Structures are given as C-alpha cells and as structure tokens.
Amino acid sequence: MNIAIREVRYLREKAAEIRKKICITANQLGVIHVGGLLSATDMVTALYYKYLQFDLEKLEHPGRNRFVLSKGHCGLLVYLILSDLGLYEWTDVCRQFQQSSHQIWQHAAYRKGIEVPTGTLGHGLSISTGIALSNREDGIKSRIYCMVGDGEMHEGTNWEAIMYAGSHQLCNLVCIVDFNQCSSSFRHGDGIVFNWQAAFEAFGWEVKVIDGHNMHEIMAAYDSLEEVDFKKGGKPVAIVANTRKGHCIDFMQGPDWHVGSLDEEKLRQAIVCIENDLKQKEEEDDYL
Amino acid sequence: MITYNKSVQVRAQNKYGIFYNYMVDLLHKDGRICYLACDTIMEDSNMRKAMEAYPNRVIDVGIAEQNAVDIAVGLTLAGKIAYIATVSSFLAIKTLEQIHTCIAYCDIPVRLVASNSGTAAGATHDAICDVGILNAIPNMTVIVPSCNHHLIKAVEQTIEYAKPIFYKMPQDHDEKIYSEYMDDAFEIGKAMTVCDGNDATIIGMGAGVSYGFNAAKELLASKVKVRVIDMHTFKPIDKEAIIKAAVETGLIVTVEDQNVQSGLGAVVSAVLVEANVWCRVIKLGIPDEFLKHTENYAVHYGYDPKGIVHRIKKELAGTGKGEC
C-alpha cells in the first residue's frame, strides 16, 4: 500500500473513531449538536491529525498553525479530538459537560487548546482575519484555518470579513465552509439559495469545491494549498465542503438531527452505519 | 455634497487630532501597536501616511465596525495591541455582541476609543447610554476623560493594561483643566479632586467635569465652596471617593452627558445605598429619553454651569452654607 493511501486510511479510520465517540457522547450526555458534529468530522480530523501539525508542546507557539471553529456549537468535536490527542481526559470533559455551570458545554468555550471561543455565530472569520494580518506583519508563514457553517453564513459579519480578506490578499487564511445543506430549521434551498463558489470568487478568493466526506478530496484540497509567501502574495482560499448532516448514519439525515440524543438501540444502529461506511470506502480504495 | 462631507471630516480631524497624532507616534515607536479605523482615515493625514508605512498595522476596514472589533480581537490574540477609533454609536452599540462575547468574556485587552459619545452628532449618532451599557459587562474597564490632554494621559498609562478598555473621547477638546490647575497623575479607578470644598460635591464625568468646575468657580462668589471630583474611570468606579464626599459634604451632584438612569448618577447612588451612607444625590444629565433637537443639550437639560449653580443654590438654601 502506498503512503498516500495509507494516510487516507489512517485519517478515515480516525474520523470513524471520532464519529463513534460523538454518538457515544449523544448516548451518555444527552442532547448535543450531533448532525453538525458529524458533517464537520472528516474535514476537522484531517486538520488535527495531519495538516495543523498539532503539537501539545506548542500550544502557545506564535508560529503554530491555528484552527478556529467558528461554528462553535460543534465545540464538542474539538474537545473530543483534543482529548484523543492527550490534552484533556475525556471522562473529565464529560463530567464537566454535565455540570451546566461549567465552561465546557456545547460550545467552544475559552479553554486550553481552543484558539477562539465561539458559539454566537459570525465571529470566527473576522477574528481569523486579525490573526492572519498579525502573522503577515510578523512574517509568520503558518496558516489560519477557520471553519464556518453554511447556516452561519447568514450572519452579515462573515461577508465583511470575506470582503476585507479578499481585498487585502490574506493568503495565509483558509475558510472551510461546512456546507451540510441545512441549519436548525430549514434545508438550504428552501429559504436561501447560494452559489458559494461565485460568491467567494466575487470577493477575490480562490475556491475549491470538494466532497467533505471523501478523504481523498479533502487531502487533495489541503495539499494543494500553496506555501504562504507574503512577498508573492495570493488569494485567501475557501474550501467549500459538500457535506451531510448526520453523515453516514441512515436515520440521521436532515435538519431534524440538528440536535439530538441516542438511546441504546439508536447508538447500536449508528455504530453499524459508521462501520459500514468505513468498510465501503476501503473496498472502493481496494477496487481502485 | 463632497465639500460638506470633507468639512465634517476636517472638523473631526481637528477635534481629535491630538489623539490621532499620538497614535501615529505610538505606531512609529512600538511594533505591537495596531490602529483600526472604519472609513475614517483622511487623505493627506499623518494616519494615512502611517497606513502606507504599516499596512498590516493601520487598518481601515471601511464601514464595517463589527468586523473591525473582531479583527482587533484576532490581532490581540496574536500578540498585538489594537486600538479601534470610531463613532461611539457604532463602536459601542452596533458591535455590542463582539464586545460582550469576543472581547469581554474572553478578557482580550482590545482598546475601544469612541468619538461622539454623548451629545454630539444628532439623535442617531448620539450615544447617551454607551458607558451605561458597557458598565454592565464584566471585565470591561470604562474610562471617560474630561479633555484630550487627559485622554492621552490615560492611553499612555494603559498601553500594557491587561484588560479590555473603552475610552470615551472628550467633546470639549479645548478644555485644559489639568494642565493649568494641577498635577494630573492618572491612575485607573482613582478619581481626581479638581478643587476641594465641604459645602457640596460635584462629581463630573467627561464633559461634566468642566461644567462642574466652572460652576464651582461661580459658586465661590456666593461663598459656597464646592468639591469637584473628576470620575474619569467609570468602571471600576472609585467608591471610596464617593463615600468620603458624601460623608464630608452631605450633598452630591453628578454631572454627565449620559442617560442618568444608567450613567454616573445611577452608579453613584448605588454605591451610597450599598455602603449604607445617607446623602442627597442630584443627578444632572440626560433624562431617560432620546434627544430632541436643541441648540445646547447641557442648557436644555440644566447640566451646564448655570444649571448646576442654580440647583446647588436651591439645595443649600436655608442650610447656612455660603450665602445661598
């Protein structure tokens, strides 16, 4: 097996493992933003386990790559991954989660390893723009990856940031749109029809449209990012990831699963779906 | 149209020129300093030249204040010291969520410098409750200097301050109370006594300080000696100075160009109630209503020097204090 396939498989297996943990969490802790967590999992897993070059010893290092989860209601995804990477004890996170007064809850609160606390939507991209500007001033060539939700893009502040970053060629900024097709109450297309590619391009961004659940395409998108070169300049990059809420779990598709919990039977079904999805993708690889 | 617009900008530039020039000096001296504007950097200005020299540190986001505040958060998270200066009704009200959640909750030491706070530019642009709103947000420090000279002092001494700060730019930029009358060492949370007296106390904030000081000078003619306190830090407020004034003078008059319901008058009253100190408090400023067009709000609402003198004489009548 070549190295590229091995990496795809590693990240895919890791994403499946994280998905299972999300479902177990929805069983153990009750209602969470399960749909959006599952749509974002592949893109975020690839970042933390490869592209961020995440290092527990360099959490405060000025030259680190940074991930800003602007769709902060999926904060549990980052807590889960940071626990898996050894920053937190997961049982500790769960215990704190159950204390509603504690900072760890549904949203990305201010805590070690969380670059920017988010939850109210429409802030992450502007804050990432500020970090990108500061890094450019200091000649720091790392990247700032900011994930926004498609529902979150209704917030006007995102477009202020997109206009500024595009106009000022912040080539160290990457915006990932988790285009999971629906927000809390409606499906995309019912209320708002949007051509993300045309919109970002109009504001001076480079756009890559991918299947956000296909690890080959995810890695190709991240791999294709050019090295940051402030002298040469360049456009900020938007990766529009076509995803699905509740990805790969058959009973969990659509806006009804924006939030939810899983009983024992549903959890069992969900785990089967995740394993089947992984198996199917590996068979596809073998066929190729 | 263009001529009108430019003349407004020139007036603003002159009014706040001391501050802008100070910021330009800071930008030259300290590579951590960033300055964010919202369509307010004039052609041919020193700040425009600084923007050309430091394109990543002098940032005009255009008419997008919410973006400016969150960009400032990002700059600060990456090690910069970011100042945003623009009109208060946009900076403190339009961006309230950014201030509340991204700055205050995270305790990010962004500096917000608000012009036209209080009564300055017509009802939609007047910010008569900005400091009252910000007072309600944990982690915020709110500084309301009485003159530009003092604004610079405050900024100068808080560059390294590790908390978010809201500075309200003074309206009466020509007033130079301190440079002429006293040593003005600025310390956050420590009110300054402009002049002493025991017949009554005027606690002023921002424009209220010069109104109060001029009223106190006038009252001397009636042999009434009034203490004038400059409450330049609205939050954290100097409780000790308030309680001491209440105990020693027995009458407090608060003067501000803010809504007295949420501004200095309200906070001073609350401090005294909490401390269980009885004292008559007269709250002069804007009542709880939106401003209607008038020539002079201070005169209209009775918090100009003449109005203050009138109220204090009325309160002291029959008390044997001075010749009231």
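1. Buried means under 20% relative accessible area, exposed means over 50%, and partly exposed lies in between. A:Phe54 has 24% relative accessibility, so this residue counts as partly exposed. A:Tyr48 stands at 5% and therefore counts as buried. Please keep in mind that this is a predicted model.

2. Aromatic pairs come next. A pair of rings is described by the distance of the centres and the angle of the planes. Over all chains the count comes to 14 aromatic pairs. In one of them, A:Tyr48 and A:Phe54 have ring centres 5.5 Å apart. Their planes stand at 65°, so this pair is edge-to-face.

3. A:Tyr51 and A:Tyr222 form an aromatic pair that is tilted. The distance is 4.9 Å centre to centre, with 50° between the planes. A:Tyr51 belongs to helix α2 (residues 34-51) of chain A, and A:Tyr222 to helix α8 (residues 215-223) of chain A. The pair therefore ties together parts that are 171 residues apart in sequence. A:Tyr51 counts as buried at 11% relative accessibility. A:Tyr222 is buried too, with a relative accessible area of 3%.

4. The charged end of A:Lys50 sits over the ring of A:Tyr51, 5.2 Å from its centre. Elsewhere in the chain, A:Lys266 lies over the face of A:Phe251. Here the distance to the ring centre is 4.6 Å.

5. Which residues form one aromatic cluster? They are A:Trp159, A:Phe179, A:Trp196, A:Phe200, A:Phe203 and A:Trp205.

6. Is A:Ile32 buried or exposed? At 0% relative accessibility, A:Ile32 counts as buried. A:Trp257 is 225 residues away from A:Ile32 in sequence. In space, the two are 9.5 Å apart, C-alpha to C-alpha.

7. Now the backbone. Most residues other than glycine have a negative phi, and most peptide bonds are trans. A:Gln181 has a positive phi, near 80°, and is not a glycine. A:Gln181 lies in the loop between β3 (173-179) and α7 (196-202) of chain A. With a relative accessible area of 32%, A:Gln181 is partly exposed.

8. A:Cys248 also has a positive phi, about 70°, although it is not a glycine. Its place is the loop between β5 (237-242) and α9 (264-287) of chain A. A:Cys248 is buried, with a relative accessible area of 16%.

9. In chain B, look at the peptide bond that joins B:Lys235 and B:Pro236. This bond is cis, with omega about 0°. B:Pro236 lies in the loop between β10 (233-235) and α11 of chain B.

10. Two packed helices are described by the angle between their axes and the distance between the axes. Helix α11 (residues 239-249) and helix α12 (residues 264-274) of chain B pack at about 75°, with axes 10 Å apart. That angle makes α11(B) roughly perpendicular to α12(B). From α11(B), the contact is made by B:Lys239, B:Ile242, B:Ile243 and B:Ala246. From α12(B) come B:Val268, B:Val271, B:Leu272 and B:Glu274. By class, the contact has six nonpolar, no polar and two charged residues.

Methods:
Residues numbered from 1 in each chain as written. Chains lettered and ligands numbered in written order. Predicted model: local features only at pLDDT ≥ 70, side-chain atom pairs only at ≥ 80, totals over all residues. Heavy atoms only, no water. Phe/Tyr/Trp six-rings, centres within 6.5 Å; stacked < 30°, edge-to-face > 60°. Buried < 20%, exposed > 50% of the residue type's maximum accessible area, 1.4 Å probe, protein only. Helix = DSSP H or I, 4+ residues; strand = E, 2+ residues; numbered from the N terminus. Lys NZ or Arg CZ within 6 Å of the ring centre and 35° of its normal. Axes fitted to C-alpha atoms, helices over the stretch in contact; angles between N-to-C directions. Parallel < 35°, antiparallel > 145°, perpendicular 65-115°, else oblique. Contact = heavy atoms within 4.5 Å. Nonpolar A, V, L, I, M, F, W, Y, C, P; charged D, E, K, R; others polar.
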